[in-house]
Amino acid sequence: MRRLLLAGAFAATTALTFAALPAQAAPAAAPATHKAAAPARFEDHYAVNDGVKIHYVTQGKGPLVVLVHGFPDYWATWKPLMATLSAAGYRTAALDMRGYNLSDKPQGEAAYAMPNLIGDIAAVVKAEGQSNTILIGHDWGAAISWQVAMNRPDLVNRLVIMAVPHPAGMAREMATNKAQQEGSNYARNFQKAGSESKLTAEGLAGWVKDPKEKAAYVEAFKRSDFGAMMNYYRANYPKGVGDTAAPPQTYPPINVPVLVIHGMKDTALNAAGHNGAWDHVTKDTTILMIPTAGHFVQHDAQDLVDRTVKDWLNARR
């Protein structure tokens, strides 16, 4: 059985047509004023994967887009992008990953092994009555999304990755890149027994800048399981660096278009890890590096990220 591991602008051209006015036509009446359409509301749903309930929130109608958050986060990290994509005619579905907020919190490291995380994505796609989806992931959500695209290619028709390199690139950097090795120290600390005892909801929400959103994050984290958060690292994050790093592996090709977005101020994941990602993709690969953004690139460069994702998807619709 293949070993699973986390080895962890584009604008669609719009044609504008102007109708010429007849010669000496009477001045046109002022157009009627219309109120902007209200955004589609968020709706709560649950999917079930082998007895584990996964909470997810939907908005909009159209082709399915599943969005997967990372650590420390929950479904609401995607609200701005959901609004952008819903207005563009997509149905967005953002998960609370297992262990977080309103999703179930199974106990034990094994419950957070990659096959189970892949199964959570499959369960949401099935719950939405679809056979495949556009898949967008950040941090752990990106690591899982890479693995879904490789191990369940039937589930993915477009792939958008934020922050985490392809497993081959991550493995290479863990073996050879001092900056990445040092940037991964936090993950090795998370793998230690009892690391969850040092976490608080308030501390985990420290990166959130908007006061109203921060309060919601604190409440979501109070509903979460800190041990489950650490189990993502224990079950999946590579444990070796340098000479002790895992040897190179062969990965299945990814047969869908891929968009990678990376904040170059990210101190946990080195931008160099994305080098060569295109060698693992048989379709077009697009990489956007944002010098002013850090790890939470979807927030640090929100307008650019949301516009880029929308235009990239529309160009491949």
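Predicted model: local features only at pLDDT ≥ 70, side-chain atom pairs only at ≥ 80, totals over all residues.

My entries below cover a helix, one of its residues, and some ring pairs and charges over rings.

**Entry 1: helix α1.** I looked up which residues of α1 (residues 79-87) are buried, and got Leu81, Met82, Leu85 and Ser86. These four span an arc of only 130 degrees around the axis, so they sit on the same side of α1.

Next, what do the buried residues of α1 pack against? I found the strands β2 (52-59), β3 (64-68), β4 (91-95), β5 (133-138) and β6 (156-162), plus the helix α11 (302-315). I also checked what comes after α1, and there is Gly89, with a positive phi near 95 degrees.

**Entry 2: Leu81.** I picked Leu81 out of helix α1. Is Leu81 buried or exposed? Its relative accessible area is 3%, under the 20% cut-off, so I put Leu81 down as buried. Leaving out neighbours within four places in sequence, I listed its contacts as Leu67, Ile136, Met162, Asp306 and Val309. I also took a C-alpha distance: Leu81 and Asp303 are 222 residues apart along the chain, yet their C-alpha atoms are separated by 9.0 Å.

**Entry 3: ring pairs.** I got 17 aromatic pairs for the structure. One of them joins Tyr74 and Trp75, edge-to-face, at 6.2 Å centre to centre with 75 degrees between the planes. Both Tyr74 and Trp75 are buried.

Then I turned to Tyr217 and Phe221. Why is this pair edge-to-face? The planes stand at 65 degrees, which is over the 60 needed, and the centres are 5.7 Å apart. Both residues belong to helix α8 (residues 211-222), and because they are four residues apart there, about one helical turn separates them. I noted Tyr217 as buried at 2% relative accessible area, and Phe221 as buried too, at 0%.

I also traced a cluster linked by ring pairs: Phe71, Tyr100, Tyr112, Trp140, Tyr186, Phe190, Tyr232, Tyr233 and Tyr237.

**Entry 4: charges over rings.** Lys53 lies over the face of Tyr46, 5.2 Å from the ring centre. For Tyr90, I found the charged end of Arg317 over the ring, 4.1 Å from its centre.

Notes:
Residues numbered from 1 in each chain as written. Heavy atoms only, no water. Buried < 20%, exposed > 50% of the residue type's maximum accessible area, 1.4 Å probe, protein only. Helix = DSSP H or I, 4+ residues; strand = E, 2+ residues; numbered from the N terminus. Arc of directions from axis to C-beta. Contact = heavy atoms within 4.5 Å. Phe/Tyr/Trp six-rings, centres within 6.5 Å; stacked < 30°, edge-to-face > 60°. Lys NZ or Arg CZ within 6 Å of the ring centre and 35° of its normal.
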